[in-house]
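Good morning, and thank you for coming. Please look at the sequence and the structure as they come up on the screen.

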Amino acid sequence: MTPPPPQPPPPGSHPASDSAAAPLPGPRPLVVLFGATAGALGPDLGSDETDLILLVWQVVEPRSRQVGTLHKSLVRAEAAALSPQCREASGLSADSLARAEPLDKVLQQFSQLVSGDVALLGGGPYVLCTDGQQLLRQVLHPEASRKNLVLPDTFFSFYDLRREFHVQHPSSRRARDLTVATMAQDLGLETDATEDDFGVWEVKTMVAVILHLIEGPSGQLFSKPEVVKQKYETGPCSKADVVDSETVVRARGLPWQSSDQDVARFFKGLNIARGGVALCLNAQGRRNGEALIHFVDSEQRDLALQRHKHHMGVRYIEVYKATGEEFVKIAGGTSLEVARFLSREDQVILRLRGLPFSAGPADVLGFLGPECPVTGGADGLLFVRHPDGRPTGDAFALFACEELAQAALRRHKGMLGKRYIELFRSTAAEVQQVLNRYASSPLLPTVTAPLLPIPFPLAAGTERDCVRLRGLPYTATIEDILSFLGEAAADIQPHGVHMVLNQQGRPSGDAFIQMTSAERALGAAQRCHKKVMKERYVEVVPCSTDEMSRVLMGGTLGRSGMSPPPCKLPCLSPPAFATFQATPTLIPTETAALYSSSALLPAARVPAAPTPVAYYPGPATQLYMNYTAYYPSPPVSPTTVGYLTTPPAALASAPTSVLSQPGALVRMQGVPYTAGVKDLLSVFQAYQLAPDDYTSLMPVGDPPRTVLQAPKEWVCL
């Protein structure tokens, strides 16, 4: 049974002990506010995205200890269905809510009645006071945002009675664990059991608690109100910043066209740190529907987690915990040019994509036109370039206000020369991600660094001396796998753990383990099959090295059998590169200084029987292979990705005069049918070909083929 409230002084009167006292200096008039929704109540208020149905309030003048008239107003809800908890606690019905005023009308009445009561008690600005933060942060502000209502300024600052109580009584419960009933109980206030009107008991009790608190030492009470940010502030983030992991969440399922302002609107009522919205990009530089959000404190983060599966338009958004390291990795940057570009505050950022490579600042400014000027002219443009200075076709532009940005967005898919240009809203974090992505990529992503021999090459075979782990948690590490296998971990071959990653470099949930024998592999599978790792059961099945190799090369291994890798070549993993016995080649000094002599491929070639030797990229090399769907996970398993052997037919078709020339033989697959010699030379512009001898580029024998067959191939020296 709900305890009855203590009896506050009648409206407009003074308590007996203070009847002759003059008004004392103190905080501004307080408006004690209570609200309820059609769904969850208490600490879960607002977590189910239901509409507000009730507001109860009363004005308190702390200096004179006077109170105003208590008001109660029902609010019409769009979805009139009441939860069983709300129906039992409030006694309301759907019919009574259908006759109520909508939220905008109730807020107007609230402002008028509060202003009248405050004027009767002495006038002056007033501040709201609530039991906890859910009513304003989780109910009023999100609902007003969904209904496109503009809340008065008085709803952007308030006092949390729980925190004010905890300031004077720090030895009691934590502030978040307090309730109106426990605060009255701790103060020893008597309650009235006759009050059963929903919401009225809570407000009367809160008023009595406030009057009791201000009778004590109140130097720190009601002096620093909570603030709700009215606008999200953009800003840069540095790689050197330290972000508390207790303040970051990950939002998933965002519409691809959503901006940082849309994300901030989804979390309306919660205080996001400056520059705290980082939209994530995929490997192609496009948004993947995820964002990392950094809040000002852990309490805001906890409230954000309660918005899990709330809606943005017609889509529900998943909200999960994230780490500060993840946020800094996405939003942080080190470029001084980017820092200067983002140093201008209150600017709207747009991204331009598809620019001609020859376009300069004057071309972009002319494309946008005088009706939407860029802030600072050419200084408000940031062109994205490769590390060697070549343009990427992307640029960012700053605009002083939302109206100018909207005018610029109307140029979306407008023509600049012979190309149409795409324009999107962007964020400071997206600028950092795009610049970081191009700054960390190699000059020629189709060519890798010198290759190193595998210390433990795999031998293809059909003996089922390997096990496949399927369904691993995405956070699983090598140490987790070894712990999962237990005693069977002692039977793993050296460098025999192979973590499978997808094309985005993320864990796929699969791993392959090479065991010392087929019996050990079968025993490990029998003992560990469907054991639990981090609340997920993992399937452990035996497989052969041949099957493992095909999967690591991009094929699939299902219950119905194997499918070949996308390369469509009869080559198993580890792929072998056909090397030749050769004499030493002359290598530039600056290149040779980067690698040991044993790591460099010989350049001069002598026709001989090729000896397959497996290679894998060095630890610092980023691998770009068009057909590769899986990557190795160094340093434990650097043996699973290599290069394809040049077929003997291709070597046989090459004249002896060509093969005997100095230089390394490179085979190119997937060359477009329209590609010519100049196109191939542009790919190798940073590498030395045979001097002034374009005959070293020769097409491999090209018999008639259908369009479904593989494209033509070239062998380059």
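Predicted model: local features only at pLDDT ≥ 70, side-chain atom pairs only at ≥ 80, totals over all residues.

Helices, of at least four residues, and strands, of at least two, are DSSP runs, numbered from the N terminus. With that in place, Lys-309 falls in the loop that joins helix H9 (298–305) to strand E12 (310–312).

Now to the protein as a whole. It contains 21 helices and 32 strands. Of its 717 residues, 49% count as buried. Considering contacts with a separation of 6 or more, 72% are made by residues 24 or more positions apart. The accessible surface comes to about 35000 Å², and carbon and sulfur atoms contribute 55% of it.

Strand E2 (residues 52–61) holds Val-59. With a relative accessibility of 0%, Val-59 is under the 20% limit and therefore counts as buried. Which residues does Val-59 touch, leaving aside those up to four places away in sequence? They are Leu-30, Val-31, Gln-66, Val-67, Gly-68, Val-114, Asp-117, Val-118 and Leu-121. To take one of them, Leu-121 is 62 residues from Val-59 along the chain, and the two C-alpha atoms are separated by 8.7 Å.

Since 12 of the 13 residues are buried, H4 is largely enclosed by the rest of the structure. After H4 comes Asn-148, with a positive phi near 55 degrees.

Five strands form an open sheet in the order E22-E23-E21-E25-E24, with antiparallel pairing. At its edges are strand E22 (492–501) and strand E24 (531–533), each of which pairs on one side only. On average, neighbouring strands of this sheet are turned by 30 degrees against each other, direction ignored.

Within the sheet, strand E21 (residues 466–470) pairs with strand E23 (residues 507–515) in the antiparallel sense, over five bridges. Across this pair, Arg-468 stands opposite Phe-512 in E23.

Which helices accompany these strands? Helix H16 (residues 518–528) packs on the sheet and touches E21, E23, E24 and E25; its direction makes about 160 degrees with that of E25. Helix H15 (residues 478–485) lies across E21, E22, E23, E24 and strand E25 (536–543), and runs at about 120 degrees to E22.

Finally, helix H17 (residues 545–552). Seven of its eight residues are buried, so H17 is largely enclosed by the rest of the structure. Those seven are Thr-545, Asp-546, Glu-547, Met-548, Ser-549, Val-551 and Leu-552.

Thank you; I would be glad to take questions.

Note on methods
Residues numbered from 1 in each chain as written. Heavy atoms only, no water. Pairing = 2+ DSSP bridges. Axes fitted to C-alpha atoms, helices over the stretch in contact; angles between N-to-C directions. Contact = heavy atoms within 4.5 Å. Buried < 20%, exposed > 50% of the residue type's maximum accessible area, 1.4 Å probe, protein only. Areas by Shrake-Rupley, 256 points an atom, 1.4 Å probe, with all protein chains shown as cover.
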